Amino acid sequence: MRLRPYALAAALLASLTLAPVAHADNKAAVIDEMAAYLDFVDYGGGVIFAEQIPKEEWARILVIDARDAAQYAKGHIPGAIHMDWRQVLARRSEIPRDRMVLIYCNTGSLSAQAGFALRVAGWDNVRILQGGMEEWKAKGGFDAAARAAAPARH
């Protein structure tokens, strides 16, 4: 039984010695996946403008507010669920693949990172709201498409 502590120590040492090799292999695989995605992604990278979404379509979209909990609590797009941008991959089982998923933050930068991660992971139904919450409000919210299609007033 006196050999057991030495065997455990040897196993730990071996795992620590091999960990950098496994990490390097995983990192290379991730880089390869991102490169493959970038080779074939459409120009917009999944970005969509508020005015491209007709009012009646919003009810069919899973809308994810990727901001922090305090910002979500202050106000969000009605019907949106809260999912911090850093948590989208950890919570990917909650994200459908069979309908449009729209992710937003304040301006679009953090949601773009979350959307990129999901799209690399295989969710090709994810869109990032260009300009985020601020631009959505400025363009008229759910009425952005109707406002954009309306004749200009002089």
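## Helix H3

In H3, the buried residues are Ser 111, Ala 114, Gly 115, Leu 118 and Arg 119. Buried means under 20% relative accessible area, exposed over 50% and partly exposed in between (1.4 Å probe, protein chains only). They sit on the same side of H3, because they cover an arc of only 135° around the axis. That arc is taken from the directions from the helix axis to the C-beta atoms.

This is a predicted model: local features need pLDDT of at least 70, side-chain atom pairs count only at pLDDT 80 or more, and totals for chains, interfaces and linings use all residues. Residues are numbered from 1 along each chain as its sequence is written, and side-chain values use heavy atoms, with hydrogens and water left out.

H3 has twelve residues, 109-120. At 1.5 Å a residue they should span 16 Å, and the end C-alpha atoms are 17 Å apart, which agrees. The expected span is 1.5 Å times one less than the number of residues. Gly 122 follows H3 and has a positive phi, near 110°.

E2 covers residues 62-65. Both of its faces are covered: Leu 62 and Ile 64 are buried on one side, Val 63 and Asp 65 on the other. Helices (H or I, at least four residues) and strands (E, at least two) are DSSP runs, numbered from the N terminus.

E2 pairs with E4 in the parallel sense over four bridges. Two strands pair if DSSP finds at least two bridges between them. Ile 64 stands opposite Ile 103 in E4. E2 also pairs with E3 (residues 81-82), in the parallel sense over two bridges. Here the bridge partner of Ile 64 is Ile 81. From E2 the chain crosses through helix H2 (residues 69-74) to E3, in a right-handed β-α-β crossover. Right-handed means that, with the strands pointing away from the viewer, the path from the first strand over the helix to the second runs clockwise.

## Nonpolar cores

A nonpolar core is a set of buried Ala, Val, Leu, Ile, Met, Phe, Trp, Tyr and Cys residues joined through side-chain atoms within 4.5 Å. The largest has 14 residues. Those touching the most other members include Trp 58, Val 63 and Trp 136. Strand E4 (101-104) and helix H4 (132-138) are the elements that give two or more residues to this core. Apart from it lies another core, of twelve residues, among them Ile 64, Ala 66, Ile 95 and Ile 103.

## Whole chain

The protein chain has five helices and five strands. Buried residues make up 29% of its 154 residues.
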